[in-house]
Amino acid sequence: MNTANKSEQSALGDAAYEQLCLYIDGEFIAGGGRKEQDVVNPANGRVIGKLPHASKEDLDRALQSAQKAFESWKKSSPLERSRILRKVAELTRERSKDIGRNITLDMGKPLAEAIGEVVSCSEHCEWHAEECRRIYGRVIPPRLPNVRQMVLREPIGVCAAFTPWNFPYNQAIRKIAAAIGAGCTIIIKGPEDAPSAVVAIARMFHDAGLPPGVLNVVWGVPAEISDYLIRSPIVQKVSFTGSVPVGKQLAALAGAHMKRVTMELGGHSPVIVFDDAEVERAADMLVAFKFRNAGQVCVSPTRFYIQQQAYDRFVARFIEKTKAVKVGDGLAADTKMGPLAHLRRMPAMLKFVEDATARGGRIEIGGEALGGEGNFFAPTVLTNVPDDSMVMTSEPFGPIAPCVPFKDLDEVLGRANALPYGLSSYAFTTNTKNALAVQNGLQAGMVNINHFGQALAETPFGGIKESGIGSEGGFETFDGYLNTKFVTQMD
Ligand code: NAD
């Protein structure tokens, strides 16, 4: 792998980062003696901003304003909701360069990836703008001629959402657009480590004319904020994207208060490359996809099962292409992989590598921190790793690709399905029987065959097993934000 030129990086600087704030009842709020948290650029460790934490009074105000706003927002015309979402889509495109740059500064991903994330989110706004006009009920044929039976779909109420740092814009806008499009109001706590995107989203909804209280943004200690909001009787729905252990905690708390949940949790996505695949093409595509966002992606390919005859060719090509992945500051034009988003992810990566080598695994490339300032970890390929090693059983959430051989279809499906995760999965084959067998046999919310085609606005995104509950995107997107009401009337 290559490392981008340091002087080129530092010349770019951290100037003009987002003005961080809370957004409550239509007001942008900072200062006022609130506790503040440093926001750090992971490429160089420099403090780039101060994030105000919400006080208990701020949280109460957010709850009250969301509750009050719900009384009118639930009656708003879908045309009006659609207009606001379309306006935000337009503003998203206009502001994408600045927003993307701030994401690179606080989260680390390469600038092109960050801008790409923002621009693609304008499509999420447009999709929700279109679909919210089609939230239909239905009429059920009655048993008596003087009865009319109807199913109505009504917004649930005030939602509390908690979103992570790896796609700070995407993860937040999906929840916000779904809640607002459905006629709900929402309080969101974004990622404190990478907060600029959520503040930028609030500014766009504000500028698009969203009424005060429909969207509120708060920050703080994640466990304290989620505990306070989920317990509040005002909150009717909880949506979280993050790790499985935290998702289980929040779902348990929501369950104790019988609140609806959407959970988008971690995965450990198997990749199956069959002997009959276009092996070099698969390796090239997988290197680009694996090291995107430094592997900090819930649907990242993380367990590479290669059929025996294709194994050597695949691994050789995968290593060759991995060597060419240029690591550096995300603002440098030629960077293909940025730093890990936090210092805490560095020892986490080393633990995976150490455990693998202790069990006989071989480091083909990488396996170490790159040294110097910033959280740079080398793109890593491991081979000869046993199935019970940490990297094959726990989500690595980083730039590590373990490659292992397999013999036949039944064996590989068994190994792929052996974990409690069920988010995404990938297969490469030119044989339609194999393609059909993986479609039917893989226990996953998403199956990608010969390409990566998930996470589009018009397609449902979500996991099964411990990877989550519910879907975001597709026409399923509003299901988690609506109640079903049955009405029957006799004249
Ligand atoms: P973490 O589990 O501490 O935090 C993950 C995310 O959840 C963060 O955004 C954090 O702010 C939030 N969070 C943590 N505790 C919370 C709570 N009690 N209430 C509300 N929000 C809470 O881990 P981390 O070191 O930040 O990230 C690494 C792990 O997180 C990875 O191993 C990965 O599994 C998971 N993760 C998953 C996704 C995803 O898209 N599914 C995104 C980011 C992180």
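This is a predicted model: local features need pLDDT of at least 70, side-chain atom pairs count only at pLDDT 80 or more; totals for chains, interfaces and linings use all residues.
The largest nonpolar core comprises 152 residues, and the members that touch the most others are Tyr 169, Phe 205, Leu 215, Ile 272 and Phe 314. Helix α3 (residues 78–107) gives the most to this core, contributing 9 residues. In soluble globular proteins, nonpolar side chains tend to be buried together. The surroundings of Phe 205 illustrate the packing. Leaving aside residues up to four places away in sequence, Phe 205 touches Ile 84, Leu 85, Val 88, Ile 173, Ile 176, Ile 180, Leu 210 and Leu 215.

Aromatic pairs were searched for across the whole structure, and 10 were found. One of them joins Phe 274 and Phe 406 in an edge-to-face arrangement, with 5.7 Å centre to centre and 90° between the planes. Phe 274 is in the loop between β13 (269–273) and α9 (279–290), whereas Phe 406 belongs to strand β18 (residues 400–406), so the pair ties together parts that are 132 residues apart in sequence. Phe 274 counts as buried because its relative accessibility is 1%, and Phe 406 is likewise buried at 1%. A second pair is formed by Phe 314 and Phe 318; the ring centres are 5.5 Å apart and the planes lie at 25°, so this pair is stacked. Both residues lie in helix α10 (residues 308–323), 4 residues apart, or about one turn of the helix. Residues three or four places apart in an α-helix point the same way, because there are 3.6 residues a turn. Phe 314 is buried at 0% relative accessibility, and Phe 318 is buried with a relative accessible area of 0%. Elsewhere, one aromatic cluster is formed by Phe 289, Tyr 426, Phe 428 and Phe 452.

Aromatic rings also take part in contacts with charged groups. The charged end of Lys 237 sits over the ring of Tyr 481, 4.5 Å from the ring centre. The charged end of Arg 203 is placed over the ring of Phe 28, at 4.8 Å from its centre. Phe 28 lies in strand β3 (residues 27–29) and counts as partly exposed, with a relative accessibility of 30%. Apart from residues up to four places away in sequence, the contacts of Phe 28 are Cys 21, Leu 22, Tyr 23, Ala 202, Arg 203 and His 206. The C-alpha atoms of Phe 28 and Val 217 are separated by 9.1 Å, although the two residues are 189 residues apart along the chain.

The search of the whole structure for disulfides returned 0. For Cys 159, which is in no disulfide, the nearest cysteine sulfur is that of Cys 184, 4.0 Å away; a disulfide would require the sulfur atoms to be within 2.5 Å. Cys 159 is buried, having a relative accessible area of 1%. Cys 403 is also buried, at 0% relative accessibility.

Helix α8 (residues 244–256) consists of 13 residues and spans 18 Å from its first C-alpha to its last, close to the 18 Å expected at 1.5 Å a residue. Its buried residues are Val 244, Gly 247, Leu 250, Leu 253 and Ala 254. The elements covering these buried residues include β8 (158–162), α7 (222–231), β11 (235–241) and β12 (260–264). Just after α8, Met 258 adopts a positive phi of about 50°.

Methods. Residues are numbered from 1 along each chain as its sequence is written. Side-chain values use heavy atoms; hydrogens and water are left out. Helices (H or I, at least four residues) and strands (E, at least two) are DSSP runs, numbered from the N terminus. The expected span of a helix is 1.5 Å times one less than its number of residues. Buried means under 20% relative accessible area, exposed over 50%, partly exposed in between (1.4 Å probe, protein chains only). Contact means heavy atoms within 4.5 Å. A nonpolar core is a set of buried Ala, Val, Leu, Ile, Met, Phe, Trp, Tyr and Cys residues joined through side-chain atoms within 4.5 Å. Rings of Phe, Tyr and Trp (its six-membered ring) pair if their centres lie within 6.5 Å; planes under 30 degrees apart count as stacked, over 60 as edge-to-face and the rest as tilted. A charge sits over a ring if NZ of Lys or CZ of Arg is within 6 Å of the ring centre and within 35 degrees of the ring normal.
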